[in-house]
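Q: I am new to reading protein structures, and I would like a careful look at a single part of this one. Could you take me through how its helices pack and what lies in the loops around them?

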Amino acid sequence: MKSDVEDLMPRLLPLECGASTEDLDLNGPPRNPQEYLRQVQLEASLCPEVVVAQIDPKKLKKKQTVNALVAGCHAAPVGFSPSLSWQQFQVSNFSDVRQSIAKNRKHWSSQTLDDNVLMPKLTDEEGWKRFCLGEKVYLGTSSCHTDAEFEPALDYSKVGFPPFLSIVSRLNQSTVLMVLEILINWFEEREFVPQLGRWLYALLACLEKPLIPEAHSSIRQLARRCAQLRSTLDSQEDQKLPALNLLICLVARYFEQNDLADQQE
């Protein structure tokens, strides 16, 4: 059988006719190119056509295959998920926002920032939390001095800088993804606040497609956290519900993470 197969295969380095392999020594080095080729041919002819691996079943029991679970979203309580038409409208509106930002990025990024706008360095996680959320939220002191009469002027260091177009248009993709990851990780152990929602929406609007793997992981983490928090709400009138539904919708419908999408009830 082997000879039949060999006859069908082209010989790229043919041997001389009548060459014998009886006097070849496989343990010694070849003395010339022809002898090397005959050694290779002889070794190949000595190999069995079928090789059976010897496996110890006891070892397999100790190293079982690890089952990876791809977590989806918590199902929305009855009446808490948006309609399909609402989701489609939000995706369309979000697409328009993204196109507008891309079209006018150069214009907005050229705008002069106020002197008090000091953007953190790329790797300054604590700085970005303070910048986006403000000290009140970041430090958990939102209950202190909430009345406007005690604050003669709006202090962005306390309430956080909004995601002005003049700010987000200056962020390159590395910074957009970094800040997005920082805020999502913060959100994992905190409640939802309006400042967070505004920044998450703005950063998603600046996130370029196709997504890199790190971006896929981050936005899926965001959708799962939103769904988990939504499942704990007591009322459909909760002010956080529309924002949570919107973020889940954008991740699932616009960024095509379809397994996380809310389905029709």
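This is a predicted model: local features need pLDDT of at least 70, side-chain atom pairs count only at pLDDT 80 or more; totals for chains, interfaces and linings use all residues.

A: Helices here are DSSP runs of at least four residues, numbered from the N terminus.

Two packed helices are described by the angle between their axes and the distance between the axes. The axes of helix 8 and helix 10 come within 10 Å of each other and cross at roughly 30°. Because angles under 35 degrees count as roughly parallel, helix 8 is roughly parallel to helix 10, and the crossing in which helix 8 passes helix 10 is left-handed. On the side of helix 8, the contact is made by Leu 177, Leu 180, Glu 181, Ile 184, Asn 185 and Phe 187, while helix 10 contributes residues including Ala 215, Ile 219, Leu 222, Arg 225 and Leu 229. Sorted by class, this contact has 9 nonpolar, 3 polar and 3 charged residues.

The largest nonpolar core has 57 residues, and those that touch the most other members are Leu 183, Phe 187, Leu 196, Leu 204, Leu 207 and Leu 222. Among the elements that give two or more residues to this core are helix 8 (173-187), helix 9 (194-206) and helix 10 (213-230), although helix 11 gives the most, with 10 residues. If residues up to four places away in sequence are not counted, Leu 183 touches Cys 132, Leu 133, Leu 196, Trp 199, Leu 200 and Leu 203.

Helix 11 also holds Asn 245, which is buried, with a relative accessible area of 6%. Leaving aside neighbours within four places in sequence, Asn 245 is in contact with Phe 80, Ser 81, Pro 82, Trp 86, Arg 230 and Asp 262. In the segment after helix 11 lies Glu 256, which has a positive phi of about 60° although it is not a glycine, and which counts as exposed at 55% relative accessibility.

The loops deserve a look as well. Pro 210 lies in the loop between helix 9 and helix 10, and the peptide bond that leads from Lys 209 to Pro 210 is cis, with omega near 0°. Ser 110, in turn, lies in the loop between helix 4 and helix 5, and with a relative accessibility of 52% Ser 110 counts as exposed. Ser 110 and Arg 170 are 60 residues apart in sequence, yet from C-alpha to C-alpha they are 8.4 Å apart in space.

Conventions:
Residues are numbered from 1 along each chain as its sequence is written. Side-chain values use heavy atoms; hydrogens and water are left out. A nonpolar core is a set of buried Ala, Val, Leu, Ile, Met, Phe, Trp, Tyr and Cys residues joined through side-chain atoms within 4.5 Å. Buried means under 20% relative accessible area, exposed over 50%, partly exposed in between (1.4 Å probe, protein chains only). Contact means heavy atoms within 4.5 Å. Axes are lines fitted to C-alpha atoms, for helices over the stretch in contact, and angles run from 0 to 180 degrees between N-to-C directions. Angles under 35 degrees count as roughly parallel, over 145 as roughly antiparallel, 65 to 115 as roughly perpendicular and the rest as oblique. A crossing is left-handed if the near helix is turned anticlockwise from the far one by less than a right angle, and right-handed if clockwise. Ala, Val, Leu, Ile, Met, Phe, Trp, Tyr, Cys and Pro count as nonpolar, Asp, Glu, Lys and Arg as charged, and the others, Gly among them, as polar.
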